[in-house]
Amino acid sequence: MKFYVRTYGCQMNVADSNEMGRHLMAKGLIQTQDADEATILLVNTCTVRQHAEDRAFSEIGRLKRWKTKQSGRKVVVTGCAAERTKEYLEDRFPFIDLVVGAKSIEDFGEMAHRLLDKRSTDEDFDYAVPSTDEKIASFVTVMRGCNYSCTYCIVPYVRGREIYHPMEQVLGEVRDRVEEGAREITLLGQTVNSYRYSEHRFADLLEAVAAVDGVERVRFISPHPYYMTDRVIETMAVVPQVCDSLHLPVQSGSNAMLKAMMRNYTREQYVSLAEKLRRAMPGMTLSTDIIVGFPGETEDDFEQTVSLIREAQFENAFIFKYSPRKDTPAATMSDQVPQKMKEERNQRLLQLMNDIGSQKYNQFIGRQVQILVEGPSKRNAARMSGRTRCNKIVVFEGSDRHRGQVMDVKVTRVGSFTLYGDPAILE
Ligand code: SAM
Ligand code: SF4
């Protein structure tokens, strides 16, 4: 029997999908990339922005046809939107077999067991040896939930308060991933660097994960500026496996907006943190998340975000148009920004990031970079793709034998946030 997974949203959702996939594989199911071959179709939803939720719901609507095409097919809906709208989903899409909210993902194994036990007898349950997920760069969730109350964000409502996984459990998962072929581990959590378990803090976890045999690189996402302590920065600087790139969400360059968002740092504190990181790790790259059009954002507030992008020298940024989320404080703030203005500001920041990105990426032409090869390129499956320690994607004409290798590639040209390597130097 085969299953197919469709994931919406962030890397935490990708990691949750992988975890649920592992539960299904442990029960003998095989993952397929073709929904038509599947008996179980799992839609892992996201509710952080309205757009992601809408896309997932229209996908679920289309699954009614998929389900009736073959008897015994099952539809499973999981994740944040499933947590928030369980009753609505069951009413609107009665053909769904199982709804698993984000807070219950850890119980998915047990739920899947019950779902599969109810299978009809005409199913071809073949118990083939599960195909292992041979990911070179793998994610390990170290904490769930969030104790913050950023006024725009629905995550604390749908994922609950912070729960930390015991360090031994995390290390066990890291060893499992390494055994399956991983060489790079990304530790995941909504405020991943707030991790604590008994006497252990995040820096201890970084050190311990880096010390696992076979771990070549360690990354983490999403850190919160508040928990980027001196000890974490020093650990990043001295532990060679920890990569010198950081995705550190800032959200806005305006102190008025940061305050209204309840981010608990100022622009100046963020900038001095970025400087401290660069002093500890010269050459490190910084990327970020930015929200445009938060309620009350004036042209001046927006310009301060523009100037912060230059001042903090971000390499890349995910730009989000503010999306009002039900029951969050910002959704009922009186001075909502018109959609047209959000779109305009979004376009302006995207253009700015493209300009900065192409300047930064062009500097690599002619240079040799070291990459960890992950597998076929997502944009062109005939080519291979890897990443530098600074998290730049490099595409080159390699083959499957390069997968998992750390190798040098000479950059010959650049594309949009991508470096292209010279195949000649591979031989
Ligand atoms: N916990 C991380 C942090 O505090 O930086 C980020 C997790 S959040 C799921 C990912 C990003 O989504 C945020 O950094 C923010 O930029 C964006 N986001 C969250 N809520 C949003 C909303 N209501 N509208 C637009 N973007 C939002
Ligand atoms: Fe949301 Fe803020 Fe928690 Fe990040 S820290 S998940 S943005 S509430």
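This is a predicted model: local features need pLDDT of at least 70, side-chain atom pairs count only at pLDDT 80 or more; totals for chains, interfaces and linings use all residues.
Me: Which residues come nearest to ligand 1?
Reply: A residue is near a molecule or strand if one of its heavy atoms lies within 4 Å of it. There are 16 residues around ligand 1. Those that come nearest are Arg49, Gln190, Gln251, Asp289 and Ser323.

Me: How far is a polar backbone atom of Gln190 from a nitrogen atom of ligand 1?
Reply: A polar contact is a pair of N or O atoms within 3.5 Å; within protein, one must be able to donate a hydrogen and the other to accept it, and residues adjacent in sequence count only if both atoms are side-chain atoms. Arg49 places a polar side-chain atom 2.9 Å from an oxygen atom of ligand 1. A polar backbone atom of Tyr152 is 3.0 Å from a nitrogen atom of the ligand. For the backbone of Gln190, the distance to a ligand nitrogen is 2.6 Å.

Me: How much of the accessible area of ligand 1 does the protein cover?
Reply: Accessible areas come from the Shrake-Rupley method with a 1.4 Å probe; for residues, only the protein chains shown count as cover. On its own, ligand 1 has 560 Å² of accessible area.

Me: Which elements give two or more residues to the shell around ligand 1?
Reply: Helices (H or I, at least four residues) and strands (E, at least two) are DSSP runs, numbered from the N terminus. By class, the shell has 7 nonpolar, 4 polar and 5 charged residues. Ala, Val, Leu, Ile, Met, Phe, Trp, Tyr, Cys and Pro count as nonpolar, Asp, Glu, Lys and Arg as charged, and the others, Gly among them, as polar. The elements asked for are strand E14 (285–292) and strand E15 (316–321).

Me: Is Cys150 buried or exposed?
Reply: Buried means under 20% relative accessible area, exposed over 50%, and partly exposed in between (1.4 Å probe, protein chains only). Cys153, at 17%, is therefore buried. Cys150 has a relative accessibility of 8%, so it counts as buried.

Me: How many disulfides does the structure hold?
Reply: A disulfide is a pair of cysteine sulfur atoms within 2.5 Å. The number in this structure is 0.

Me: Which backbone oxygen does the side chain of Ser194 reach at 2.8 Å?
Reply: Ser194 sits in the loop between strand E9 (184–188) and strand E10 (196–197), and is buried because its relative accessibility is 5%. Its side chain makes a polar contact of 3.1 Å with the side chain of Glu162. The backbone oxygen at 2.8 Å belongs to Thr191.

Me: Why does Thr288 count as buried?
Reply: Thr288 is in strand E14, and its side chain reaches the backbone oxygen of Leu248 at 2.8 Å. Leaving aside neighbours within four places in sequence, Thr288 is in contact (heavy atoms within 4.5 Å) with residues including His247, Tyr270 and Phe318. It counts as buried because its relative accessible area is 0%.

Me: What is the phi of Ser198, a residue that is not a glycine?
Reply: Ser198 lies in the loop between E10 and strand E11 (200–201). With a relative accessible area of 54%, Ser198 is exposed. Its phi is positive, at about 45 degrees.

Me: Which residues does a cis peptide bond join?
Reply: Ser222 lies in the loop between strand E12 (217–221) and helix H9 (230–238). The cis bond has an omega of about -5 degrees. The residues joined are Ile221 and Ser222.

Notes: Residues are numbered from 1 along each chain as its sequence is written. Chains are lettered from A and ligands numbered from 1 in the order in which they are written. Side-chain values use heavy atoms; hydrogens and water are left out.
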